[in-house]
Amino acid sequence: MMLFDLDLAERFLARLAAETADSPGVTRDAFGAGEQRAHAIAAELAGSAGLAVMRDFAGNLYATVPGDDAPALVSGSHLDSVRHGGNFDGAAGFAAALAVAAGLARAGTKLPRPFVAMATRAEETVWFPISFCGARAALGRLPAAALDTTRSDTGRTLASHMEDCGADPEAVRAGRLQLDPRSLRAFIEIHIEQGPVLVEADRPIALVPAIAGGPRFRNARIAGSYAHVGSAPLPSRHDAVAAFADVTHGLNELFREFSDAGRHAMATIGVVSTDPEMAAWSKVAGQCRFTLDLRGTDLDALTALRRRLMDLVEEAEATWGVKIDLGEDTGPQPGFLDAAIHARLRAAAAQLGIAAHTMPSGSGHDALAFHHAGVPTGFIFVRSHNGGHNPDEAMDLSDLEPACRLLSHMATTL
Amino acid sequence: MIPNLSPDIDLATRLFDELRERSFDGVGVTREAFGPGEAMAHAVMRREADALGLEISTDVAMNLYMTLPGADRDAKRVVLGSHLDSVPQGGNFDGAAGVLAGLAAVAGMRRAGFTPARDITVMAIRAEEAGAWFPTSYPGSRASLGRLKPEELAVKRQDNGRTLEAMLLEAGGDSDAIRRGVRVLGPENVAAYLELHIEQGPVLDAEAIPVGIVTGIPGGRRLRKARVLGEYSHSGAVPRRFRRDAAIAAAELAHRLDEFWGALERGGRALVCTFCEMATGPQSGFTKISGEVNFSLDVRSLDPADRDAMFAELHRLVAEISARRGVTFDLGPETSSTASPMDAGVIAALKHSAEALKIPHKVMASGGGHDAAAFAQAGVPAGMVFVRNQNGSHNPREAMRIEDFAAATAVVTHFAATFGT
């Protein structure tokens, strides 16, 4: 008996692609028109599948299949996207949960506990500089200060955008709780992988025991001095670019060692920039800013990377006579998800004959917010092609199928 | 040589003060090339030259000549010159020191009743600060030498977009004569061109020596628009072996080229290698592996073999890093300038003057380019004297001690009075 409606997932994803298209790709702006449209489609399809649909004060959407009076199993993901992003990042997870909810409801299966498909809000931090806005608000864990942060494109506050979408920022400010962690048996998120590992491993899904965290420096700055290139011989130049190169090249060497040893700790320079106003050919660069993203699930390796970074900073300051300010470390701790849920998923996959890979997630997801709130949390990757956060991102429905099967099994057996 | 011949440093001090006061912009000094600041400075020099009874003239590019007549009016002259423009919010001494040194030298001669063997001409040159105003090298001095190309008249001033020709005509210049290659100066009528200039660098200050005698102006090889192309991807989701990371490729290139430079220096070679600009492309983001980095590279040395060695290493590293990291380097067009060695006879005479005056000096290469390069390229025997200065140049904190200026100007005066006699 098929306890999930894969056709519904397909219809949902097709409507999203059509109705939030922004060539190339889709744009579903958080607490904006794109995300609103996606939530409206979700509500419409969930309602027509006979599910009880409700929204919370933060605009998150819930489609519930009733069960015995026991803490609920919640599954879902976000519906916003980056600008000109792909259709599957986030939406695939809600599509799977919706498919399972609809399948269970149609079959009239008696569930040991309610199953809730949840569509969260504002997960992509390109819009608001806050991680997991919707999920954390539902869990009563979004700081009130977050309401005053502004959306990167409109410059308007989160509170104002929430009001536009019919949500109630004052309830967030008051710390109201929609999902009491004690009332939840587990949260399971399905998400596309965003990377190439499952394609290479030739597996449709992966079970994810941990979500990476690590030190993150969004605003590192090197201050040297501008000087004429010809008049600044090697011992006397305070070259910000040279210092940057020494630090990042040195750090990359350790990243290479860890990577070669199969350890999960990565270092990425996302942005580097000399000052476009001041830097020019024939001048030694007096300033340089960069971002540094260290992440992984190997805590020892992350600690070693961080220590090496501090040593390299000190060395470069001495070598080049520059001042390096790494700025605030905004990185979350890695999240080691619930071992029991992970074991249940693994056992279920084996029982259902699903060839599941095991790998940590390199990036953060709403699941982390549930994990940090104390909810037993599981995570499943679905193979995707061409990465994530870009219009070429692609997922085969046949790869979503085993994820749905696994989730449906959990809903009936957990 | 008259024993009491000494430069008029009081005159120079007074004029430094006046120039600073009249071109102060609230932060530093601004003397725009072919703009009000430079015009003011030229007017001040002309007024002083007039007061000193010098012969005054201008040329097709409105360079200013202030001549103390020599005993033999037909002999090739000695030219003492530099530029009067400055970068925006720059220092007061860069350029102006050379013109005021010339005026102080001839004023000292006038005061002593000294008639030089040959004409000594103080030259105030236009528009030297190419990085700030007209992006072409030494348009003022090259026009005086008949070597400014007609197409260079079309270059635009970077702040206001107006052409060199329009601004030169407005100042009273003659662009048609420049097009015809009319020249005022050349090897046929100049015995030596000598430029005093602040060092702009820290070497003399670090070694506690007031005066530098310059061996030459280095040539360079430059990449102004180079880039590395990789592939944008997610920083968390993409393991290292899949990455084509442009930022780390650029960092590795900069780091390893810097190490190679250090090795050359330890081997006694003299050069500078600078990644002047480096920036990820517009699609970059905090959680993205970088797909594009743009950079500029500037390598300078007196000996062409040294910069060629750096570029050979550059090309070797580019091939190696591309292969290993799966990125592509697009180095863009390369521009170059030839080195301009100073004239051996002028260098020897300057050393002789410094030794005769017992002024400590260091023989050294120039780092930056100067009008003296244009004279050397034109076949005029050229030389330069550096004055120790603090806090570099092209900034409001640029500083120079007047006693160091006095020592260097004494060398200039001695040289001008004795060269070729």
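Modeller: Let's start with helix 12 of chain B: 13 of its 17 residues are buried, so helix 12 is largely enclosed by the rest of the structure. Buried means 20 or more other C-beta atoms within 10 Å of a residue's own, exposed means 12 or fewer, and partly exposed is in between, with C-beta atoms placed from the backbone. Helices are DSSP runs of H or I with at least four residues, strands are E runs of at least two, and both are numbered from the N terminus. One caveat: this is a predicted model, where local features need pLDDT of at least 70 and side-chain atom pairs count only at pLDDT 80 or more, while totals for chains, interfaces and linings use all residues. Residues are numbered from 1 along each chain as its sequence is written, and chains are lettered from A and ligands numbered from 1 in the order in which they are written.

Biologist: How do you know that the span of helix 12 of chain B agrees with its 17 residues?

Modeller: The expected span is 1.5 Å times one less than the number of residues. For helix 12 of chain B that gives 24 Å, and its end C-alpha atoms are 24 Å apart, so the two agree. Just after helix 12, G420(B) takes a positive phi of about 75 degrees.

Biologist: Why is chain B called as compact as a globular protein of its length?

Modeller: The radius of gyration is taken over C-alpha atoms, and the globule rule is 2.2 Å times the number of residues to the power 0.38. For the 421 residues of chain B the rule gives 22 Å, and the radius is 24 Å, close to that, so the label holds. Chain B has 12 helices and 17 strands, and 57% of its residues count as buried.

Biologist: Why are helix 2 and helix 3 of chain A called roughly parallel?

Modeller: Axes are lines fitted to C-alpha atoms, for helices over the stretch in contact, and angles run from 0 to 180 degrees between N-to-C directions. Helix 2 (residues 33-48) and helix 3 (residues 91-107) of chain A pack at about 10 degrees, with axes 11 Å apart. That makes the pair roughly parallel, since angles under 35 degrees count as roughly parallel, over 145 as roughly antiparallel, 65 to 115 as roughly perpendicular and the rest as oblique. A38(A), A42(A), L45(A) and A46(A) in helix 2 meet A91(A), F94(A) and L98(A) in helix 3 of chain A.

Biologist: Is Q194(A) buried or exposed, and how do you know?

Modeller: Buried, because Q194(A) has 26 other C-beta atoms within 10 Å. Q194(A) has a positive phi of about 75 degrees although it is not a glycine.

Biologist: And D202(A), buried or exposed?

Modeller: With 9 C-beta neighbours inside 10 Å, D202(A) counts as exposed. D202(A) is not a glycine either, yet has a positive phi of about 55 degrees. D202(A) lies in the loop between helix 7 and strand 6 (205-207) of chain A.

Biologist: What counts as being in contact, and how many residues of chain A are in contact with chain B?

Modeller: Two residues are in contact if their C-beta atoms, placed from the backbone, lie within 7 Å. By that test, 50 residues of chain A are in contact with 54 residues of chain B. Helix 8 of chain A gives the most to the side of chain A that touches chain B, with 11 residues.
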